[in-house]
Amino acid sequence: MKVESHGIEFIPESERYGHPRRLFSIWFSSNMQVTAMVVGALGVVAGLGLGWVILALILGNLVGGIFMAGHSAQGPHLGIPQMIQSRAQFGVFGAGIPLIAVVVAYVLFFAANAVMMRDAVKRVFPVADDTALILFGAVTLVIAYFGYELIHRLGTLMTWASAVFFAAVLVVVVYGGSEGTAVIEAVPATSFSLSIFVLVFTQAMSWSLGFGPFVADYSRYLPSSVSSRATFGYSYAGQVLGASIVMVVGAVVTTAAIDVQASPAISLADLFGPFGSVALIVILLGVLVFNVLCLYSGYMSTVAIFSSMRGSTSIKPGTKLAIMSVIAAVGTSVAISAQDDFYSFFGDILIAQVYVLVPWTAINLMDFYVVRKGNYRISDVFDPDGIYGRFNTPTIAVFVLSILAQVPFMRMNVYQGPVGAFLGVDISCVVGLVVAIVLYLALARIVRFDSEISSEKAPSRQS
């Protein structure tokens with residue numbers, strides 16, 4: 001299989017291929033792994049009853065999936081990576097501001113995935129903790145370097161393997177394996193706390209929102225003739241079903257007093273006795289898919305930042321390998337330093353990224369669907385002197401103000417805003433969403449961004 005030749009540049013129509021159903025497999029498989037399962041476990045550990053945890057998880061995924069799939073539908077229409085398209089809102093250089101936050105999120109998730117797989121790697125290969133983290137990062141690097149097509153093929157394979165595996169986990173846990181007893185019957189499911197319910201909802205929504213900055217990277221090769229409805233539908237179904245199923249499994253497994261916090265991979269593999277080694281391989285490959293997405297799109301976002309300064313659109317293979325290697329090295333270093341206090345670290349990642357991603361996603365989607373209605377001058381997103389300019393200061397101001405508006409409502413382990421502490425719940429994402437939408441639509445009426453490209457007839461092709 002050839003290494004992907006394209007980077008952040010526009011994908012010509014002659015090189016477009018594939019069917020949107022591939023989007024179901026890539027997003028279903030990327031969710032069907034233990035990183036997502038841990039999100040489901042967090043609510044139970046915090047003390048919320050199983051029934052309420054399941055409801056909050058499903059609602060969070062249903063809401064977050066709308067934003068995620070909305071971004072996915074941009075890929076075939078524009079033929080460029082997701083965060084490159086943000087240059088139309090923030091300016092060619094200005095897009096680097098949200099991009100920095102996105103790259104940081106990718107690195108942190110890369111580290112989180114490695115920590116969760118550390119013990120699994122050690123069981124397969126008798127190596128030390130740090131070596132296991134390095135090995136997992138190295139395999140991720142190789143797959144990510146080959147790029148788009150290998151990622152999709154691996155996603156298709158893991159869709160089936162992971163679905164069978166997690167179905168087996170649920171059967172074993174609920175029916176007690178060979179014991180034949182339902183181990184969760186005696187666990188109360190009615191314990192309720194509004195603050196924890198909102199926290200679980202936010203964490204689940206954050207999980208889906210986290211795919212937003214890179215989701216179009218994996219749909220940009222589809223022909224522009226593919227309908228937005230099909231792209232949205234396959235992406236939404238894969239995301240919501242995959243995330244909801246695995247998170248619910250995580251909640252059920254945790255309620256059944258199976259410890260998935262110390263080492264989720266080992267805990268699940270041990271459920272299958274002599275077949276534990278097979279289960280472990282499926283678990284490792286499942287998380288590997290997600291980790292590859294983090295590295296691949298971390299590379300795309302990093303290139304998008306620095307290429308804007310040079311005005312370049314193509315990246316040489318050696319440069320690609322170097323950039324990916326640096327990102328993988330940083331992520332592995334974070335994993336090594338954070339491995340002893342992982343779960344408070346992971347919970348804060350899920351919440352903190354919402355504070356940045358909600359304003360960005362609101363601005364991006366409002367611009368695409370409401371303001372410009374999908375009409376963009378693609379050549380100008382690569383040109384600092386084009387119609388989108390170097391820095392779109394008003395949009396950047398909206399982005400910053402939307403983040404600042406959330407500060408009083410925040411509730412994290414490291415910080416609690418005064419309103420969040422008073423209410424006992426974190427509603428900052430709702431505040432950030434509303435503020436960003438209202439301010440950006442008001443700004444668009446004043447500046448009339450849509451008039452910039454009113455003459456464009458074929459926005460998915462370079463002018």
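The axes of helix H3 (residues 50–72) and helix H11 (residues 228–255) cross at roughly 155 degrees and come within 8 Å. That angle is over 145 degrees, so H3 counts as roughly antiparallel to H11. Keep in mind that this is a predicted model.

**H3 and H11**
- H3 goes past H11 in a right-handed crossing.
- Sorted by class, the H3 contact with H11 has 17 nonpolar residues, nine polar ones and no charged ones.

**H8 and H14**
- Helix H8 (residues 129–146) packs against helix H14 (residues 317–338) at an angle of about 150 degrees, and their axes are 9 Å apart.
- That makes H8 roughly antiparallel to H14.
- H8 passes H14 in a right-handed crossing.
- On the H8 side, the contact residues include Leu133, Ile134, Gly137 and Leu141, while those from H14 include Leu321, Met324, Ser325 and Ile336.
- By class, the contact of H8 with H14 comes to 10 nonpolar, three polar and two charged residues.

**Cavities**
- Searching the whole structure turns up three cavities of 30 Å³ or more.
- The largest cavity has a volume of about 100 Å³.
- Its lining has 13 residues, and the closest to the centre are Tyr106, Phe109, Gly210, Phe214 and Gln353.
- Helix H7 (96–124), helix H13 (276–310) and helix H15 (342–371) each supply at least two residues of that lining, and H7 gives the largest share, with four residues.
- The lining of the largest cavity splits into 11 nonpolar, two polar and no charged residues.

Notes. Residues are numbered from 1 along each chain as its sequence is written. This is a predicted model: local features need pLDDT of at least 70, side-chain atom pairs count only at pLDDT 80 or more; totals for chains, interfaces and linings use all residues. Side-chain values use heavy atoms; hydrogens and water are left out. Axes are lines fitted to C-alpha atoms, for helices over the stretch in contact, and angles run from 0 to 180 degrees between N-to-C directions. Angles under 35 degrees count as roughly parallel, over 145 as roughly antiparallel, 65 to 115 as roughly perpendicular and the rest as oblique. A crossing is left-handed if the near helix is turned anticlockwise from the far one by less than a right angle, and right-handed if clockwise. Contact means heavy atoms within 4.5 Å. Ala, Val, Leu, Ile, Met, Phe, Trp, Tyr, Cys and Pro count as nonpolar, Asp, Glu, Lys and Arg as charged, and the others, Gly among them, as polar. On a 1 Å grid over the protein atoms alone, a cavity is a set of points where a 1.4 Å probe fits but cannot get out, and a pocket is an open set with protein on both sides within 12 Å along at least five of seven lines; lining residues have an atom within 4 Å of a point. Grid points are joined across faces, edges and corners, and a volume is the space filled by probe spheres set on the points.
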